[in-house]
Every structure is written in C-alpha cells, then in structure tokens.
Amino acid sequence: MEVRLVTAAGVERRPPSSLDGALRGHPPIGGGPIWVDIPVGDEEAGNTLSATFGFHPAAVEDCARRNRVPRVDVYRDHVFVVLHAPELGARGHIHFVEIDQFIAAHYLVTVHGPVNPAVDPKVAHRETDAVLARLTAGQLRPSSGFELSHAIVCSVIGGQEQLVESLTREVWNLEQQVTGGHLCDPEHLLDELFRVRHGLLAIRTMSASGRDVYARMAQLATVVPDSARALAGDVADRFERVRAQADVQREYLQGVIDFFRARTETKMTIAAERLAVIAAVTLPVTALSSVLGMNLIVNGHTQVLPLAAAIAVMAVMSATVLLWARRRGWF
C-alpha cells in the first residue's frame with residue numbers, strides 16, 4: 001500500500017513506513033498544510049496512524065471499521081471527523097461511502113473507510129481526487145488543514161446535491177405517470193415510487209448528520225481557530241440546504257404516492273360496489289330458481305305457464321333490486 005503525501009512541493013507516493021515524522025519533522029512549505037491521504041484503513045494504516053502520527057487508539061480503530069453515524073471527536077491539537085458520501089447502487093440502494101479525517105491547523109490526514117464490495121473502489125477516492133486535481137492545477141491554495149478539509153467536504157456535498165437532482169428528475173417522471181393515468185404495471189410503479197423515496201430519505205439522513213457534525217465543530221473554540229469555525233459554519237449551512245432540498249422532494253413524492261394510493265383504492269371500491277350490485281341482482285334469481293327448479297324443469301314435460309310466471313317474478317325481483325341500487329347511488 002502507498003499513501004499520498006501532498007505538500008506545496010507537490011504530490012509524492014510513499015510507503016507508510018517512510019512517513020515517520022512527516023507531520024512533525026517537515027513543517028509546511030510555503031505556508032500550506034501537509035496532506036496525507038491513506039487509501040484504506042487496514043492494519044498497516046492503523047500502525048502508521050498510531051506509531052507515526054500518534055493519533056488516539058479509539059480514532060485509529062474507527063478508521064479500520066465501518067462507522068454508520070458521522071461524528072466529530074476533539075483532541076488536544078486536532079479533531080477527528082467521520083463523514084459519509086453517497087453512491088447510488090442497484091435498485092435504488094444508497095451506499096454510505098466513509099471518509100475519515102484528522103484535521104489540524106498545519107496538516108490533514110484522510111483515511112478511506114471500508115467500502116462495500118458492491119461499490120467500485122474508485123468511488124471512495126472521488127472527492128479527494130477532485131480536490132487533488134484542483135491543487136495540482138493551482139486552482140486551490142489552502143492555508144490550513146481546515147481549509148483543505150473544507151474543500152473535500154464541499155465536494156462531498158456537491159455529490160449529494162447531484163444525487164438529489166437526479167432523484168428529483170425521477171420524481172417528476174413518476175408524477176407524470178401517476179397523474180396521467182399511465183398505470184400499465186401498478187406494482188412496478190409503486191416499487192419505483194418507494195425506491196426514489198428511499199433515496200431521498202437516505203440523502204436527507206446523511207446531510208442532516210453532516211450538518212450536526214459541522215455545527216458542533218463551529219462551536220469548538222478551544223481547538224478550531226476562528227477562521228476554521230467560520231468554514232465549519234459554512235459547511236453546516238450547505239448540509240442544511242441539501243437536507244431541506246431532499247425533504248421538499250420527499251414530501252412532494254409522498255403526495256404523489258398518496259394520490260396513487262387514493263386512485264387505486266377508489267378503483268377497488270368502485271369495483272367492489274359493482275360486484276355487490278351484480279350479486280344483489282342475481283341473488284333473487286338464484287334463490288327462486290333453487291326453490292322452483294325441481295318442480296318446473298325436472299319433469300316429464302315443461303310446464304309452460306308456471307315457468308313463464310317464475311321468469312316474470314325473477315325479472316320483477318331483479319329489476320326492483322337494480323332500481324333500488326340505482327337510487328342508492330351504487331352505480
């Protein structure tokens with residue numbers, strides 16, 4: 001495994017064993033922070049984080065396992081942040097792609113958490129690769145680890161916004177199908193409605209958790225400098241905006257689902273009423289034919305007058321029931 005060491009001098013790929021003293025022995029060059037990007041939080045990475053950087057064992061352990069809830073932990077000279085980026089999977093499932101950060105004034109260490117086997121490993125490096133490209137192109141010149149972390153987190157938020165936009169497009173398409181009455185396969189349509197709602201709920205949960213993390217960071221005056229707390233407040237505001245967008249679309253989609261269910265239930269009610277009318281109309285005929293059938297038909301010969309009288313009575317009874325059902329508004 002190789003890690004990426006990013007300084008003002010450029011990008012280097014090194015084995016973890018060569019990073020001894022990278023944070024303490026090499027001061028920032030040109031006023032910029034040192035960034036160490038560790039591709040996966042395995043055992044070798046854990047040894048590097050503990051022995052080389054001296055991070056807390058609990059934080060190092062968190063880098064090696066999946067953390068389902070984002071959070072921020074405060075230490076003497078840095079903060080440890082657990083965050084998730086979204087990735088759309090099969091059948092609408094949203095994968096939570098974890099990125100862990102050790103953030104201080106003069107350095108940033110990022111560790112990519114365990115990735116679901118169903119997710120392309122390159123996805124875990126999407127945000128950090130984007131920020132690295134901006135650094136290399138000279139488009140980004142952070143003066144602290146907090147500014148560098150801000151750029152990475154903003155890239156995560158951008159991915160959330162793109163996913164909300166994609167799901168919103170699906171919401172509109174589904175709404176057009178429901179209101180237009182194009183219900184060729186209601187079961188499949190209902191599955192699509194709930195799949196999109198699940199995606200919006202996942203993004204809403206992810207952004208709300210990120211907002212809480214950075215809202216707390218914005219209040220950490222003992223470790224986080226004033227300029228960095230302003231950046232944390234900006235990130236919290238961005239997360240809140242994504243949460244609000246996901247909530248609005250989720251509520252709109254819920255209205256579409258309610259409309260779909262109301263229309264389906266109304267059709268079922270109408271069908272049940274019509275079946276009830278049919279049963280009510282045929283019931284007198286069935287009852288009368290059961291009583292008189294043996295006497296009128298199963299004989300040596302058909303008795304025409306009684307048979308005609310029975311048919312007339314059946315017709316009158318059915319017509320009476322049909323008229324009554326009509327006056328009741330059943331059809």
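Biologist: How many cavities of 30 Å³ or more does the count give?

Modeller: A cavity is a space where a 1.4 Å probe fits but cannot get out. By this rule the count comes to one cavity of 30 Å³ or more. Keep in mind that this is a predicted model.

Biologist: How much space lies in the largest cavity?

Modeller: About 70 Å³.

Biologist: Which residues line the largest cavity?

Modeller: A lining residue has an atom within 4 Å of a cavity point. Here the lining consists of Ile103, Phe146, Ser149, His150, Tyr214, Met217, Ala228, Leu231, Ala232 and Val235. H4, H5 and H6 are the elements that give two or more residues to this lining.

Biologist: Which element gives the most to the lining of the largest cavity?

Modeller: H6 does, with four residues.

Biologist: Let us step back to the fold. How many helices and strands does the chain have?

Modeller: Seven helices and seven strands. Along the sequence, the pattern reads β-β-β-α-α-β-β-β-β-α-α-α-α-α.

Biologist: What share of the residues in the chain is buried?

Modeller: Buried means under 20% relative accessible area. Of the 331 residues in the chain, 41% are buried. The accessible surface of the chain comes to about 17,400 Å². Carbon and sulfur atoms hold 58% of that surface.

Biologist: And contacts? What share comes from residues 24 or more positions apart?

Modeller: Take the contacts with a separation of 6 or more. Residues 24 or more positions apart account for 66% of them.

Biologist: Now the charges. How many salt bridges does the structure hold?

Modeller: The test is a side-chain nitrogen of Lys or Arg within 4 Å of a carboxyl oxygen of Asp or Glu. The structure holds 20 salt bridges. One of them joins Glu61 and Arg65, with the closest N and O atoms 3.6 Å apart.

Biologist: Where in the chain do Arg126 and Glu87 lie?

Modeller: Start with the pair itself. The side chains of Arg126 and Glu87 meet in a salt bridge, 2.8 Å from N to O. The pair links distant parts of the chain: Arg126 belongs to helix H3 (residues 126–136), Glu87 to strand S5 (residues 79–88), and 39 residues separate them. Arg126 is partly exposed, at 35% relative accessibility.

Biologist: Which elements hold Glu161 and Arg241?

Modeller: First the distance. Glu161 and Arg241 form a salt bridge through their side chains, at 3.7 Å from N to O. Glu161 is in helix H4 (residues 145–179) and Arg241 in helix H6 (residues 226–296), 80 residues apart. Glu161 is partly exposed, at 28% relative accessible area. Arg241 is partly exposed too, at 36%.

Biologist: Which residues are linked in a network of salt bridges?

Modeller: Salt bridges can share residues. Here Arg204, Arg211, Asp212, Glu240, Arg243, Asp247 and Arg250 are linked in a network.

Biologist: Take one arginine. Is Arg195 buried or exposed?

Modeller: Arg195 has 17% relative accessibility, so Arg195 counts as buried. Arg195 sits in helix H5 (residues 186–217). The side chains of Arg195 and Glu192 make a polar contact of 2.7 Å. Not counting residues up to four places away in sequence, Arg195 touches Arg91, Gly92 and Glu170.

Biologist: Where does Arg71 lie, and what does Arg71 contact beyond four places in sequence?

Modeller: Arg71 lies in strand S4 (residues 71–74). Beyond its neighbours within four places, Arg71 is in contact with Asp62, Phe80, Val81, Val82 and Val213. The C-alpha atoms of Arg71 and Leu83 are separated by 7.1 Å, with the two residues twelve apart along the chain. A polar contact of 3.1 Å joins the side chains of Arg71 and Asp73. At 25% relative accessible area, Arg71 is partly exposed.

Biologist: Last one. Is Thr48 buried or exposed?

Modeller: Thr48 counts as buried because its relative accessibility is 6%, and the cut-off is under 20%. Thr48 lies in helix H1 (residues 43–52). Leaving out residues up to four places away in sequence, Thr48 touches Pro16, Leu19 and Phe53.

Key:
Residues are numbered from 1 along each chain as its sequence is written. Side-chain values use heavy atoms; hydrogens and water are left out. Buried means under 20% relative accessible area, exposed over 50%, partly exposed in between (1.4 Å probe, protein chains only). A polar contact is a pair of N or O atoms within 3.5 Å; within protein, one must be able to donate a hydrogen and the other to accept it, and residues adjacent in sequence count only if both atoms are side-chain atoms. Contact means heavy atoms within 4.5 Å. Accessible areas come from the Shrake-Rupley method with a 1.4 Å probe; for residues, only the protein chains shown count as cover. On a 1 Å grid over the protein atoms alone, a cavity is a set of points where a 1.4 Å probe fits but cannot get out, and a pocket is an open set with protein on both sides within 12 Å along at least five of seven lines; lining residues have an atom within 4 Å of a point. Grid points are joined across faces, edges and corners, and a volume is the space filled by probe spheres set on the points.
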